[in-house]
Structure formats: structure tokens, C-alpha cells
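Dear colleague,

I am handing over a structure for your records, together with an account of what was found in it. The structure comes first and the findings follow.

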Amino acid sequence: MVLLEMKDFSYRVGNQVLLKNINWTIKEHENWLILGLNGSGKTTLLSVASGYLPSEDGTINLLGEPLTVHNRRKLCQQVGLVSENFFSKYFRNETMNDIIFGGYYGQLGQLGDLTDKQILYARKLMRQFGINQSSRKPFWLLSKGERQKGLLIRALVHKPQMLFLDEPCSGLDIFVRMQLLQLFSHLFNEGISLIFVSHHFDEITNIYQKAMLLRQGECHSQGELTQILHAENLSDFFHSNVQIDIQKNGHIHFEICDKQKALVINFPKQEANKNGT
Amino acid sequence: MEHDKLLEQRSKRCVCKFCGHPLKSKFIIFNKYGGQGMELFCEHCQRIEYGVEPEIYQLAKQFVDDFEFNYYLDMDENNISRELNIAKINEILSWAMKKVGILTEEGLGKI
Ligand SMILES: [Zn+2]
């Protein structure tokens with residue numbers, strides 16, 4: 001089954017083109033890794049693909065249905081979006097509790113009464129993630145780590161078929177980051193397809209089979225992870241000579257070989273003190 | 001009940017569970033082609049807010065103020081903690097009234 005299909009998809013804000021002619025197909029049991037530099041359109045891509053941001057030019061099929069204003073809410077309830085970049089545009093004074101409860105309805109806020117079972121399940125996840133004490137705090141007062149965990153719970157309260165993860169580990173300490181990476185492997189084993197945006201090669205585990213490189217809103221390349229994360233392809237993507245080594249356990253060693261691309265700071269030489277001290 | 005209709009009715013009837021101000025239904029996420037997903041919003045608190053029945057809010061406010069109820073002992077006593085306490089009592093009262101069948105999606109019924 002095809003979970004997501006984007007055809008000739010573009011997205012603009014004013015005169016600025018954020019995404020251009022994206023063609024992308026995600027099949028069941030596929031996990032994707034999205035890599036891109038800052039401002040390459042990763043957050044926009046995930047927000048649109050998950051149905052949260054209204055689509056513009058081109059077509060999107062989500063979970064086998066063309067995504068429209070009429071079925072968007074229903075489809076959003078079957079996928080999860082974890083994006084602090086996206087949600088921090090809309091959440092400010094909302095409490096963590098209310099933000100998580102909104103997850104049951106596939107949009108920002110709550111659309112109906114919750115059952116006891118739904119409330120208890122959300123509370124259980126909050127305890128598991130260690131953020132039950134933050135439940136009354138407004139979003140703007142939460143640490144980045146608390147926000148990430150809250151948004152992840154929000155996406156998991158209904159078991160999603162696809163989980164769009166936009167830099168979910170940023171702002172987390174090393175222990176929680178490891179916990180989350182293990183959790184993602186578990187979610188994959190539970191049959192959830194993961195679409196993972198990261199800046200860090202050390203967050204890439206061996207559960208990802210596919211990859212896309214995004215540059216200035218355009219897809220540079222996509223396909224099998226081993227082909228995309230290939231030295232030649234990445235060198236072209238970064239406009240720089242890079243080396244990459246993917247180990248069997250999925251760990252990646254990445255190095256920039258261009259000496260002229262290395263950032264070197266020449267500190268101004270201090271004049272020797274005349275007294276020699 | 002269909003969600004948009006439910007939200008429209010709540011915006012006419014319900015108030016913010018924190019401050020008691022009326023709610024507005026509006027699009028928070030939109031682009032040049034229009035809005036997406038009606039949300040309930042409290043202009044006073046500037047937050048997306050599902051709201052509570054006004055009669056329940058009045059009871060919760062009275063309870064917190066008259067009995068100096070404070071669930072959040074670790075917080076400084078100020079208007080923020082007062083509003084959080086009112087919201088907490090609103091949740092408890094709404095839950096209880098739903099359990100005994102007085103409160104439904106259409107609002108408060110008669111006992
Ligand atoms: Zn309010």
C-alpha cells in the first residue's frame with residue numbers, strides 16, 4: 001500500500017518558493033530519512049505531507065486518499081507530526097495537557113469531549129516520558145526537551161500509521177536522545193512508518209531504508225539510503241568533497257575532506273609586552 | 001454531532017476555563033486558499049481553548065475564591081495560579097456532571 005504520494009508539489013509564501021516540484025512516494029513499512037541544510041524546506045514538507053498545513057500546487061494522496069479540506073481531519077488522526085518548528089508558530093499560552101489532548105483530533109485544539117480512557121492513556125504516556133509535572137505549564141515556558149516529548153506524546157496518543165519526526169532529538173540530553181532513538185526502533189517494529197528529519201548522522205540508525213536530500217526547497221536526490229548517502233552524491237549535495245562510511249549497525253562516519261571548507265579562525269596576534277611579562 | 005457544528009455551538013455558549021471570557025471559533029492555520037480546521041480560541045488569554053459551560057465556570061470560580069482552594073501548592077499565589085485552580089475545578093465539575101448525565105455535548109441539562 002502507498003502511504004503517501006506527492007506529485008509535482010510546490011508551496012509558496014508570497015514570492016518565496018519553499019517547496020518546488022516535489023515528487024515523493026512512501027510505501028508501507030518504509031522508513032525515510034530526510035536530510036537538508038537549514039531553510040531547505042524540511043519542516044514545510046513534513047507539515048504539508050502530514051496534512052497539517054494546507055496544500056497548494058500539486059496533489060497529495062495520504063493513506064490512499066486524495067488529501068482535501070473534507071477528509072484532512074480524518075487523515076490527520078491517522079498520522080502523527082512531531083515538529084517543534086511547526087507547532088511553536090501556533091502554540092504559546094496553551095498548556096501541555098491541552099496540547100496533548102488536541103492530538104486525539106488531528107488538529108491544534110480539542111474538538112470534542114474526551115473519554116476517561118483517552119485521558120488516562122495520555123496521562124500514562126506523560127508519566128512514562130517524565131513530563132507529568134509540566135502538564136499545567138504554557139508551551140512558551142517549557143524547555144525544548146519538554147516540548148519535544150509533549151509533541152511526541154501528542155502524536156502517539158492515537159496509534160499513527162505514519163510518524164513525521166522533524167528533528168525530534170534536538171534540545172534533548174544525551175540519555176533522553178538515546179531513549180527516543182530506541183523508541184523509534186520499537187515504533188518501527190510496531191508497524192509505524194517513520195519519516196525522520198535530522199541534522200545529525202549519529203541519530204541515524206539502521207531502521208531507515210530510504211533517504212531524500214532536500215536543498216532550497218527542491219529534492220536533490222531520493223532513493224535507497226545506501227545510494228543517497230554515498231560519498232559522490234553527498235559531495236555534490238554539499239558542494240564539497242566528503243567521505244562517508246556506513247557501518248553494519250547503521251552508525252555513520254562522516255567527514256569533510258575539503259581543507260578550504262574548514263572553518264579556521266586566525267586570532268589577531270598580540271603584541272609582546274615590552275616588559276616581557 | 002459534526003465537529004464544526006459542535007465548535008460553532010460551543011463558541012456561542014461556552015467560556016474559557018481559565019478566565020471565563022467568551023470563546024471565538026476561527027481558523028488558526030491558513031494559507032492564501034483559506035483556512036484549515038476550525039478551532040476555539042480565547043482572545044483574552046490568546047490561547048486555543050475548548051472551553052467550559054458558563055454555569056460550571058461560575059461555580060468553579062466561586063469555589064476557588066470562597067474556599068481559597070489551592071491545588072498548586074508549589075506555585076506563588078497570583079492570578080495565574082488562581083486561573084489554573086479554576087480550570088482544575090472546571091475539569092472536575094465537568095467530569096462529574098457528565099458522569100451523572102447532566103452535561104452532554106449540547107450543554108447542561110436540567111436536573
Ligand atoms: Zn481565557
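In what sense, parallel or antiparallel, do strand β1 (residues 2–13) of chain A and β2(A) pair, and over how many bridges? The two strands pair in the antiparallel sense, over eight bridges. Strands here are DSSP runs of E with at least two residues, helices are runs of H or I with at least four, and both are numbered from the N terminus. Two strands count as paired if DSSP finds at least two bridges between them.

Before the details, some conventions apply. This is a predicted model, in which local features need pLDDT of at least 70 and side-chain atom pairs count only at pLDDT 80 or more, while totals for chains, interfaces and linings use all residues. Residues are numbered from 1 along each chain as its sequence is written, chains are lettered from A and ligands numbered from 1 in the order in which they are written, and side-chain values use heavy atoms, with hydrogens and water left out.

The antiparallel sheet of chain A

Strands β1 and β2 of chain A belong to an open sheet of four strands, in the order β2-β1-β4-β5, with antiparallel pairing. At its edges stand β2 (16–27) and β5 (65–66) of chain A, each with a single partner strand, so one side of each has no neighbour in the sheet.

The loop between β2 and β3 of chain A contains H29(A). This residue is not a glycine, yet H29(A) has a positive phi of about 65°. Most residues other than glycine have a negative phi.

The mixed sheet of chain A

A further open sheet has six strands in the order β6-β7-β8-β3-β9-β10 (chain A), and its pairing is mixed. Strands β6 (79–83) and β10 (218–224) of chain A are at the edges with a single partner strand each, so one side of each is left without a neighbour in the sheet. From one strand to the next, the twist averages 15°.

Strand β3 (residues 32–36) of chain A pairs with strand β8 (residues 193–197) of chain A in the parallel sense, over three bridges. In this pair, I34(A) stands opposite V197(A) of β8(A). Helix α9 (residues 231–238) of chain A packs on the sheet, where it touches β3, β9 (210–215) and β10 of chain A, and its direction makes about 20° with that of β9(A). Helix α7 (residues 174–189) of chain A lies across β7 (162–166) and β8 of chain A and runs at about 150° to β8(A).

The hairpin of chain A

Strands β11 (residues 242–246) and β12 (residues 252–256) of chain A run antiparallel and are joined by five bridges. V242(A) has I256(A) as its bridge partner in β12(A), and D245(A) stands opposite H253(A). Five residues lie between the strands of this hairpin, in which G250(A) takes a positive phi near 95°.

Chain B and the interface

Chain B has three helices and five strands, which run α-β-β-β-α-α-β-β from the N terminus on. E68(B), in the loop between α2 (54–66) and α3 of chain B, has a positive phi of about 50° although it is not a glycine.

At the interface, 31 residues of chain B are in contact with 28 residues of chain A. The area buried between the chains is about 2,600 Å², with 48% given by carbon and sulfur atoms; buried area is the accessible area (1.4 Å probe) that two parts lose on being put together, summed over both. I29(B), Q36(B) and Y50(B) supply 24% of the area that chain B buries against chain A, more than any other three residues.

Five salt bridges are found across the interface, a salt bridge being a side-chain nitrogen of Lys or Arg within 4 Å of a carboxyl oxygen of Asp or Glu. K17(B) and D98(A) meet in a salt bridge through their side chains (3.1 Å, N to O).

Yours sincerely

Terms used:
Axes are lines fitted to C-alpha atoms, for helices over the stretch in contact, and angles run from 0 to 180 degrees between N-to-C directions. Contact means heavy atoms within 4.5 Å.
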